Amino acid sequence: MAVAYDPRSFYSTTPVNTSYLNHTVFPTIVFDGEESPMVISARYENRPDKLAYDLYGSSKLWWVFGLCNRDKLEDPIWDFKVGLEILVPSSRSVQRFI
């Protein structure tokens, strides 16, 4: 039975086989020139969900940091360490995913 994903979810554009999702097609985050560097503090260590909630009002956007910082975050949760400087997209850049 096919599952219908929310159109804002990147799973909605992922091809579906009869019993499983194919390779995930990640969305593209368009930078608008208002991104800013941020150094991860102890409050957010291993918690990109908390940072997403504080910045965007939704913890479901934790994956945004992994996509925008692929060169620094091989694992978007366990590499989210105190002192690491990441690029944080503006809320306007991620608005369509909320």
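A residue counts as buried under 20% relative accessible area, as exposed over 50%, and as partly exposed in between, with a 1.4 Å probe and protein chains only. This is a predicted model, in which local features need pLDDT of at least 70 and side-chain atom pairs count only at pLDDT 80 or more, while totals for chains, interfaces and linings use all residues. Residues are numbered from 1 along each chain as its sequence is written, and side-chain values use heavy atoms, with hydrogens and water left out.

By the burial cut-off, phenylalanine 65 and phenylalanine 80 are both buried. Tyrosine 56 is buried as well.

The structure contains 2 aromatic pairs. Rings of Phe, Tyr and Trp (its six-membered ring) pair if their centres lie within 6.5 Å; planes under 30 degrees apart count as stacked, over 60 as edge-to-face and the rest as tilted. Tyrosine 56 and phenylalanine 65 are stacked, at 6.1 Å centre to centre with 20° between the planes. Phenylalanine 65 also pairs with phenylalanine 80, here tilted, at 5.9 Å and 45°. This second pair links distant parts of the chain, 15 residues apart: phenylalanine 65 lies in helix α2 (residues 63–68), phenylalanine 80 in the loop between α2 and β2 (85–88). Helices (H or I, at least four residues) and strands (E, at least two) are DSSP runs, numbered from the N terminus. Tyr56, Phe65 and Phe80 make up one aromatic cluster.

Asparagine 46 sits in the loop between β1 (36–39) and α1 (48–56). Why does asparagine 46 count as buried? Because its relative accessible area is 19%. Leaving aside residues up to four places away in sequence, asparagine 46 touches Ile77, Trp78, Phe80 and Lys81, where contact means heavy atoms within 4.5 Å.
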